[in-house]
Amino acid sequence: MFKKIGISEIPSIFIWLVTPAVSFWLLETLTHSVSEDMELPIIALNLAFYYLLYGLILVLSKRSFISLSLGSLLVMIVGLVDYYVIQFRSVPLYPWDIFSVGTAMSVSDNYSYSLDKEAMMIVAGFILLILVGLFTRWRLPMKNRQYHLLSVLGVLTLWALYGTSVQMPEVHDAVGFYEYHFTPNSFYQLNGFAVSFISNMQYLDVSKPADYSVKKVEEIMEPYAEEGEKKEVGGADLVYPNIIVVMNEAFSDPAVLGDFETNVDYMPYIRSMTENTVKGNLMVSVKGGNTANTEYEFLTGNSMAFLPAGSIPYQQYIRGEMPSVASQLGNLGYETFAIHPYRANGWNRNKVYEYFGFNTSYFRESFSEAPIIREYTSDLGTYQKIVDIYNSKESGQPMFVFDVTMQNHSSYSKEYDNFTPDVEVLGANGSAKLLERYLSLIKISDEAFAQLVEYFSMVDEPTVILMFGDHQPADWVVAPIYSMNGITDQNSWSESAERYQVPFVLWANYDIDEEAIEQEISYDFSKYGTLSVNYLSTILFEAAGLPMSPFQLYMKDIMKDFPIMTANMFLDDQGTYFGVNMIQSLPEEIKDYAILNYNLLFDAKHRNNAYYE
């Protein structure tokens, strides 16, 4: 059954016993300090993963050199992928990122893949592990094929038990598991990559809310459906305004993170807007990337709060027709257009826009003659397309244009002949190059937005323009702000919340009563300051005087009590924080909202579209 172990094999066995632990330490050290961040019980739980990984390869191959070299190579590759994901997106690698490979590859040429000195030393450590492993000569002492098969099944069983145990609350309590997804970097650093990744896999399948039923949905929506029926939507002579929505790539005001001075104002036009203008701040669910999630929250009114951290609804869940702002406006007689001057399959947009009810979509091939800044179509280039759509449509035919820009997309590390930064951060002493490039792009966005507004201020048809940012840039771009303000704990509540804040501005080319709008939606921007992006379409419809769906009437009702609902937190009007991991103890109003979210996204068979359009 088994052959004896030779003395010459003992060094190889010793190396095999040590290597999984070393590879664990190397992978974690790429992003943080194991000794400072992780307790012994959670370290032990992570180590079990590595020994199971190397063990599975060993029982499959029966040779130590294959187990050690291949195992170390796999760990190194995963570690580097996680390292670069954090560099580019400021959050770690999630199980759902496998669905984003195509989108990531489409922009991969725009990033720098350099390693700092410490990371290079860690890679060298991995290479050493691989080389040492190749020279080991331990062969698993197993001759009988039947026992070999049993060994493989045994290790696979241990894998199944491990994966299950890592996701159990009892195990979490026993090892001191850090439960808060609000700070994803802390989540991975304190729990370890392997444990965090496997723990998150339990959310690949989204379960129904505890009290979910079609009858419950009807109970929640009944009063709002009745209110909608009573509302007068106007006669045949009612003229709906054109609606232009710009979701501006990485558009934000980093001043919310701390004080700093620049040689010129990087957002002068938007700051100056007062007439027929509503301005405020949004709390979004992402930072540094995953643009499509902010897009999803705006177009549907749903929140990422009830979906797995790091998931992408556009790629994972939306598989057919679904009510959205586009289909809602289409039902009101609008022609609906989507603009994104990049690849059509990015985030699966070419399919999702069709599912959402957009009549026409324009992607990169429609912008071959548009002006380029760095490597991307400029904001102004997309605004010229909006003007072309307006001038091509039939007079009096209302249009809805949803423009997702690309100009400000990361990375900001390269130099370009067609882009010269003109914003300087005073007192940074050369340490804020990336921030200065980013702010210079924001300044160009501000200038382009001024031209868009000025053009439509001259047209006869009533037009409403809404512009907002999808997320802030990655951590490494804004790091100088923290440094200049002496902020070291960037995972604290206040700093973490501020990293998800972006501005919005809504303007009309006709008289609107800003105070009346705030009063009508029972939301005082001067008091609350910020609300989450899932409410933004409700504000848009109120400002434009458009009939709301029952779902928007519902959103209008809960907005004043729970102004912020994101993937990271719930916040009520008193400033009370509710963690997204506390779903069972949340107020009933939020549980009802979760039920409606599930109905809209996952239960098309029993969904009454009239509630949402």
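Buried means under 20% relative accessible area, exposed over 50%, and partly exposed in between (1.4 Å probe, protein chains only). The model is predicted: local features need pLDDT of at least 70, side-chain atom pairs count only at pLDDT 80 or more, and totals for chains, interfaces and linings use all residues. Residues are numbered from 1 along each chain as its sequence is written, and side-chain values use heavy atoms, with hydrogens and water left out.

**View 1. The chain as a whole.** The chain holds 25 helices and 13 strands, where helices (H or I, at least four residues) and strands (E, at least two) are DSSP runs numbered from the N terminus. Of its 613 residues, 58% are buried. The accessible surface comes to about 25900 Å², and carbon and sulfur atoms account for 55% of that area; accessible areas come from the Shrake-Rupley method with a 1.4 Å probe, and for residues only the protein chains shown count as cover.

View 2. Glutamate 588 and lysine 591 meet through their side chains in a salt bridge (3.7 Å, N to O), a term for a side-chain nitrogen of Lys or Arg within 4 Å of a carboxyl oxygen of Asp or Glu. The two residues are separated by about one helical turn because they stand three residues apart in helix H25 (residues 588-602). Glutamate 588 counts as partly exposed at 47% relative accessibility, and lysine 591 counts as partly exposed at 21%.

**View 3. The salt bridge between aspartate 253 and arginine 271.** The side chains of these two residues meet at 3.2 Å, N to O. Aspartate 253 lies in the loop between strand S1 (242-248) and helix H12 (268-272), and arginine 271 lies in helix H12, so the pair ties together parts that are 18 residues apart in sequence. Aspartate 253 is buried at 14% relative accessibility, whereas arginine 271 is partly exposed at 38%.

**View 4. The salt bridge between arginine 499 and aspartate 475.** Here the side chains meet at 2.7 Å, N to O. The pair links distant parts of the chain, 24 residues apart: arginine 499 is in the loop between helix H20 (493-498) and strand S9 (501-508), and aspartate 475 is in helix H19 (residues 475-484). Arginine 499 is buried, with a relative accessible area of 2%, while aspartate 475 is partly exposed, with 21%.

**View 5. The packing of helices H3 and H10.** The axes of helix H3 (residues 40-61) and helix H10 (residues 193-200) come within 8 Å and cross at roughly 80°. That makes H3 roughly perpendicular to H10, a description that covers angles of 65 to 115 degrees, with under 35 roughly parallel, over 145 roughly antiparallel and the rest oblique. Axes are lines fitted to C-alpha atoms, for helices over the stretch in contact, and angles run from 0 to 180 degrees between N-to-C directions. Among the residues that meet are Ile42 and Phe49 in H3 and Phe193 and Ile198 in H10.

**View 6. The surroundings of threonine 405.** Threonine 405 is placed in the loop between strand S7 (399-404) and helix H18 (433-456) and is buried, with a relative accessible area of 1%. Its C-alpha atom is separated by 5.4 Å from that of glutamate 249, 156 residues apart along the chain. Leaving aside neighbours within four places in sequence, its contacts include Glu249, His340 and Asp379; contact means heavy atoms within 4.5 Å.
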